[in-house]
Amino acid sequence: MPSPRLLSPALLTLAAAAFAIGTAEFVIMGLLPLIAADLRVDLPSAGYLVSGYALGVVAGGPLLAGLMAHLEEKRALSGLMLIFIVGNLACLLAPGLWSLLLARIFTAFCHASLIGAAAVMAARLAPAGMAGRAMALMFSGMTLANVLGVPAGTLIGQWAGWRASFAAVAALGFITLLLIRALLPTHTGDRTGGKPQARLPGQVWPALLASVLAAASMFAFFTYLLPTLSQVSGLPPEQSSAALLLCGVGLVAGGWIGGRLADEQLDKALLLTLALLCASLIAFCLLAARLPFALVLMTLWGALAFALCMLLQTLAIRLAGDSAVQASAFNVGAFNLGNALGAWLAGILLSHGGLLEQTSLLAAGLAGLALPLASLALASAAKPKSACMRA
């Protein structure tokens, strides 16, 4: 559980912003059949709304990060939340699939910059020595979006139509905007005294590439996790929700563990987490046919995977110095790029005769490729030029 010292109104507001963004991104999963039926398109065509959003995140991160580089954080977050609200209102009013797709892409433009700026602000607002845990608290909003926001949004869509879901998300964004204006400090304080830079320093790029590979590993495995548990491990269909809940427990635990480790021993924790992640994925492939072992390894994987996300986010921010907000936004975009890459590579593996359980070997290989990049980034982190976060 988070320390009481972390549970300030400002940090909870940042978590609420992450909750809104996460709900908007993932609620589409439960709405696709409704949208396809209403707009009279097939389900694969409606699926462009998922990939289009991901591409919008990847493109919007660098674009808006540069534009927001010289804005005060509270003003930047308010502006980004306005984009979020307008984008979801455009989704509500979209007359057809392509206009809806454009509205989704527009909405996604604010995603990476908003989450990136919120992560940096959370770190700066944290009590001394708790920056990583503060970011974990902020990112827990994304996890809760999957547990609470997405099911609620899907129920609204089933009850009142898919447009009502976007109206609800827009309303959630408006409430979050009011909280940002009321509860976030106008100035968080720049301990370096430097000016924010729009261009990222070169030492950040290995960390960003490691994030791409880590996310690719995560989604190469996660995309086909339920089919693997069902067809290989023998999980009964009625227990699928319970299995996903168990995986979610691992993700939440991993976020808090990763936040604490980021504060205390980032270098050792990052390499050890990557190594253990590879080992858990290889073990899953070997033991996938035994359901109890598969469930335990799945939960362990969830904890390691999300801890790794927190560690890489912290590393990118520490390496960036005065470009911390831009690096954080780029890292969120890198994660979304990895999402698409991992799912695509796993699909290729299966389409060429690969077995479902072998997606975990693919995921292990991708995580293994991240090891030398993480080592290179850590070597740069050993010579910090900025104290962007409280250690």
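A crossing counts as left-handed if the near helix is turned anticlockwise from the far one by less than a right angle. The legends below apply that term to a predicted model.

**View 1. Helices H1 and H5 cross with left-handed geometry.** H1 covers residues 9–26. H5 covers residues 73–93. Their axes come within 12 Å and cross at roughly 30 degrees. That angle makes H1 roughly parallel to H5, because angles under 35 degrees count as roughly parallel. From H1, the residues at the meeting are Leu14, Ala17, Ala20, Ile21 and Ala24. From H5, they are Leu77, Met81, Phe84 and Asn88.

**View 2. Helices H5 and H8 cross with left-handed geometry.** H8 runs over residues 162–183. The axes of H5 and H8 come within 8 Å. They cross at roughly 165 degrees. The two helices are therefore roughly antiparallel to each other, since the cut-off for that class is over 145 degrees.

**View 3. Helix H1 packs against H7 in a right-handed crossing.** The axes of H1 and H7 lie 7 Å apart, at an angle of about 40 degrees. H1 and H7 are therefore oblique to each other. On the H1 side, the contact is made by Leu11, Leu14, Ala15, Ala18, Phe19, Ile21, Gly22, Thr23, Glu25 and Phe26. On the H7 side, the contributing residues include Ala134, Leu137, Met138, Gly141 and Met142. Leu144, Ala145 and Leu148 are also among them.

**View 4. A nonpolar patch on the surface is formed by Leu144, Val147 and Leu148.** Together, these side chains belong to residues with about 260 Å² of accessible area. Leu148 sits in H7, which spans residues 131–160. Leu144 and Leu148 are also among the H7 residues that contact H1.

Methods
Residues numbered from 1 in each chain as written. Predicted model: local features only at pLDDT ≥ 70, side-chain atom pairs only at ≥ 80, totals over all residues. Heavy atoms only, no water. Patch = residues over 30% accessible without salt bridge, like charges linked within 9 Å, V, L, I, M, F, W, Y side chains within 5 Å. Areas by Shrake-Rupley, 256 points an atom, 1.4 Å probe, with all protein chains shown as cover. Salt bridge = Lys/Arg side-chain N within 4 Å of Asp/Glu carboxyl O. Helix = DSSP H or I, 4+ residues; strand = E, 2+ residues; numbered from the N terminus. Axes fitted to C-alpha atoms, helices over the stretch in contact; angles between N-to-C directions. Parallel < 35°, antiparallel > 145°, perpendicular 65-115°, else oblique. Contact = heavy atoms within 4.5 Å.
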